[in-house]
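I opened this model to look up how its parts pack against one another. My notes follow in the order in which I took them.

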Amino acid sequence: MRILVVEDNELIAETLADVLQDQHYVVDIALDGEAGWQQAEAFDYDLILLDLMLPKLDGISLCKRLRSSGYGKPILMLTARDSSADKIVGLDSGADDYVIKPFDVNELAARIRALLRRDSPGRQPILSWGELKLDPSTLAVTYGSQAVNVTSKEYQMLELFLRNRQRIFSQAELLDRLWALEDSPNEEVVRAHIKRLRHKLTNVGVPKDAIQTVHGLGYRLKERS
């Protein structure tokens, strides 16, 4: 899942990105409201974390613009203002939740998970391919009774394949979906992550061809017979 953090304080933005990346989210950062608007137009974000006080375009105006343009995913507003009137203005502008700075990062992560669950009520909590299971609520990957120790990027890649059975993802698509804008890796990085993920899966008994290479097109999860 991809999250946009719109926050003009670089230290706070980078701290949020680090916390969310540890939770296996892909995170992009915008340092002002106009940049946030441009990125929200260009990419499909599952959730937007939006500071209230932003240069160029304030958080309330950006939230209203997002909602009027048809953005229907969760928006969580961050602000140092804690009056009831400020909260009402933020929620009335279209925000789904409101968090006061300074905030506890664990609570913030829990609120994000709650908003994403609410946004996708019909989604099965555990993704599986035979005995291979990925549990988004605990971030655990297992095969049978064995835990599979994956990195954040490997987790994101496996989750993408499990959520999109039989869909072929090119290397360019994987870069676009799973890497933040500022990372700018090349396709060799994708191949390296695919190789390491396959190695970890086969080490616990997952069939070697679980993640198939479709020559000239990309990668997909093998259809189970």
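**Entry 1: a helix pair.** I listed the contacts of helix α7 with helix α8: Q171, A172, L174 and L175 in α7 meet E187, V190 and R191 in α8. Sorted by class, this contact has four nonpolar, one polar and two charged residues. I note here that the model is predicted.

I then looked up the geometry of the pair. Helix α7 covers residues 171-178 and helix α8 covers residues 187-203. Their axes are 9 Å apart, and the packing angle is about 85°. Angles of 65 to 115 degrees count as roughly perpendicular, and α7 and α8 are therefore roughly perpendicular to each other.

**Entry 2: the five-stranded sheet.** I wanted the strand order next. The sheet is open, its five strands pair in parallel, and the order reads β2-β1-β3-β4-β5. Which strands are at the edges? I found β2 (26-30) and β5 (97-100), each of which pairs on one side only. From one strand to the next, the twist averages 20°.

I went on to the pairing of β4 with β5. Strand β4 spans residues 75-79, and four bridges join β4 to β5 in a parallel run. Within this pair I located L78, which stands opposite V99 in β5.

I also checked helix α3 (residues 59-68), which packs on the sheet. Helix α3 touches β1 (2-6), β3 (47-51) and β4. The direction of α3 makes about 175° with that of β4.

**Entry 3: the two domains.** I took the bounds from the domain assignment, which gives domain 1 as 2-116 and domain 2 as 127-221.

For the contact itself, I found 13 residues of domain 1 against 12 residues of domain 2. The area buried between the domains is about 970 Å², and carbon and sulfur atoms give 53% of that area. On the domain 1 side, R2, H24 and V26 lose the most area to domain 2. Together these residues make up 54% of what that side buries.

**Entry 4: a hairpin.** I found L221 in β11 as the bridge partner of I211. β10 and β11 form a hairpin, with three residues between them. In the turn, G216 has a positive phi of about 85°.

Technical notes: Residues are numbered from 1 along each chain as its sequence is written. This is a predicted model: local features need pLDDT of at least 70, side-chain atom pairs count only at pLDDT 80 or more; totals for chains, interfaces and linings use all residues. Side-chain values use heavy atoms; hydrogens and water are left out. Axes are lines fitted to C-alpha atoms, for helices over the stretch in contact, and angles run from 0 to 180 degrees between N-to-C directions. Helices (H or I, at least four residues) and strands (E, at least two) are DSSP runs, numbered from the N terminus. Angles under 35 degrees count as roughly parallel, over 145 as roughly antiparallel, 65 to 115 as roughly perpendicular and the rest as oblique. Contact means heavy atoms within 4.5 Å. Ala, Val, Leu, Ile, Met, Phe, Trp, Tyr, Cys and Pro count as nonpolar, Asp, Glu, Lys and Arg as charged, and the others, Gly among them, as polar. Two strands pair if DSSP finds at least two bridges between them. Domain bounds come from an automatic or database domain assignment. Buried area is the accessible area (1.4 Å probe) that two parts lose on being put together, summed over both.
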